[in-house]
Amino acid sequence: MIYDRYGRPLKSMRISITQKCNLDCIYCHREGVFEKTYKEMTPEEIQRITRICVQNGIKKVKITGGEPLVRADVCEIVERISSIEGVEDVSMTTNGVLLEKLAEDLKNSGLDRINISLDTLRPETFKWITRGGDLEKVVRGVDKAVEAGLRPVKLNMVVMKGVNDDEIEQMVKEYSREEVVIQLIELVDTDKAFFAKYFYDLDDIERDLQKKAKNVVIRRFMQGRRKYILNGSRVEVIKPMHNSEFCAHCTRIRITADGKFKPCLMRSDNTIDFLTPARNGATDEELNQLFLKAVENRAPYFKKKI
Ligand code: SAM
């Protein structure tokens with residue numbers, strides 16, 4: 001296991017495999033990468049860099065995008081990642097549009113868990129948030145993910161004031177199933193005006209869940225996150241913004257679609273390019289040194305006030 005300068009162990013990685021997406025969500029933070037690039041890693045390059053991270057103690061890999069399912073070789077990528085010795089958990093975050101057809105193949109390729117973005121159950125609101133998406137496809141994708149045995153199926157609901165804040169109860173009711181966890185997510189600031197208009201503080205909702213919950217699981221190593229178990233439903237609340245606790249418990253390194261280590265979602269000035277050296281013949285040891293440099297660059301973005 002490797003620790004950064006702030007004593008935080010590195011346990012997980014979040015790897016973007018493409019910047020392309022088949023939706024265009026109004027709030028999207030694009031995993032902190034806003035400049036467009038058409039460069040993508042091959043499945044072999046993804047496997048190689050994941051292996052280097054895993055040799056340093058990382059055990060959990062989350063695949064993201066853009067939209068990971070738009071890559072025709074996504075199952076090969078999952079297979080290559082899940083076959084690396086030492087990988088204990090492979091998950092993916094997807095908008096679910098193409099999931100209906102792919103859920104079973106993904107499971108067979110070694111995917112363990114899945115997060116599906118589902119902010120609303122109203123087709124018109126869905127269309128507005130995603131700039132044209134079809135809610136029905138995603139709903140069918142969720143069912144297929146459950147059927148395929150991906151566990152848990154997490155539904156990511158970014159809560160926005162005046163858009164879907166009145167839908168939380170219905171979402172919890174609708175997906176009151178043992179296999180499903182609903183993640184209520186506070187909006188991350190990517191645009192000041194948008195954030196000011198739509199940010200919805202989840203503190204009151206969390207207090208309410210606390211009162212109603214039959215059981216509360218505190219996930220100490222998941223940024224202190226709590227899981228509330230209600231009548232048949234499981235709900236988590238994620239508050240990344242202005243949250244020093246969130247940063248204090250961060251155990252994740254990010255990898256961009258064009259092959260850079262990215263120590264923090266909120267920063268773009270401390271990334272480390274490994275794909276260019278890899279394509280120029282860098283050895284595993286040289287890539288390992290770049291990984292260690294990225295770990296050295298890690299610093300909590302939201303710091304504790306003393
Ligand atoms: N397309 C995939 C998806 O929909 O999951 C992967 C990429 S998407 C950027 C990953 C997750 O980030 C989604 O669950 C999305 O809801 C969340 N996300 C994007 N922008 C956000 C923001 N501004 N605030 C909070 N969460 C955000």
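The largest share of the lining of the largest cavity, 3 residues, comes from α1. The model is predicted: local features need pLDDT of at least 70, side-chain atom pairs count only at pLDDT 80 or more, and totals for chains, interfaces and linings use all residues. Residues are numbered from 1 along each chain as its sequence is written, and side-chain values use heavy atoms, with hydrogens and water left out.

**Stop 1: the cavities**

Select E45, R48, I49, F274, L275, A278 and L287, which line the largest cavity. A cavity is a set of points, on a 1 Å grid over the protein atoms alone, where a 1.4 Å probe fits but cannot get out; lining residues have an atom within 4 Å of a point. The volume of the largest cavity is about 40 Å³, where a volume is the space filled by probe spheres set on the points, and grid points are joined across faces, edges and corners. Both α1 and α10 (275-279) supply at least two residues of this lining. Helices here are DSSP runs of H or I with at least four residues, strands are runs of E with at least two, and both are numbered from the N terminus.

By class, the lining of the largest cavity has 5 nonpolar, no polar and 2 charged residues. Ala, Val, Leu, Ile, Met, Phe, Trp, Tyr, Cys and Pro count as nonpolar, Asp, Glu, Lys and Arg as charged, and the others, Gly among them, as polar.

By this rule there are 2 cavities of 30 Å³ or more. For the second largest cavity, select L23, C25, N95, S117, L118, D119, F126 and T130. The space in the second largest cavity is about 30 Å³, and its lining divides into 4 nonpolar, 3 polar and 1 charged.

**Stop 2: α1 against α11**

Next, display helix α1 (residues 43-55) with helix α11 (residues 284-296): their axes come within 10 Å and cross at roughly 65°. Axes are lines fitted to C-alpha atoms, for helices over the stretch in contact, and angles run from 0 to 180 degrees between N-to-C directions. The crossing of α1 and α11 is right-handed, a term used if the near helix is turned clockwise from the far one by less than a right angle, and left-handed if anticlockwise.

Select R48, I49, R51, I52 and C53 in α1, which meet D284, L287, N288 and F291 in α11; contact means heavy atoms within 4.5 Å. This contact has 5 nonpolar, 1 polar and 3 charged residues.

**Stop 3: the sheet**

Colour the open sheet of 12 strands, whose order is β7-β8-β9-β6-β5-β4-β3-β2-β1-β10-β11-β12, with mixed pairing. Its edge strands, β7 (215-219) and β12 (272-273), each pair on one side only; two strands pair if DSSP finds at least two bridges between them. Select F261 together with I272, its bridge partner in β12.

**Stop 4**

Of its 14 lining residues, select E169, V172, D208, L209 and K212, the closest to its centre. The elements that give two or more residues to this lining are α6 (168-174) and α8 (203-212). A pocket is an open set of points with protein on both sides within 12 Å along at least five of seven lines. Its lining has 7 nonpolar, 2 polar and 5 charged residues.

**Stop 5: backbone geometry**

Most residues other than glycine have a negative phi, and most peptide bonds are trans. Select G65 and G66: the peptide bond between them is cis, with omega near 25°. G66 sits in the loop between β2 (60-64) and α2 (74-82). Another cis peptide bond joins R151 and P152, with omega about -10°, and P152 lies in the loop between α5 and β5. Finally, select R30, in the loop between β1 (12-16) and α1; R30 has a positive phi of about 45° although it is not a glycine.
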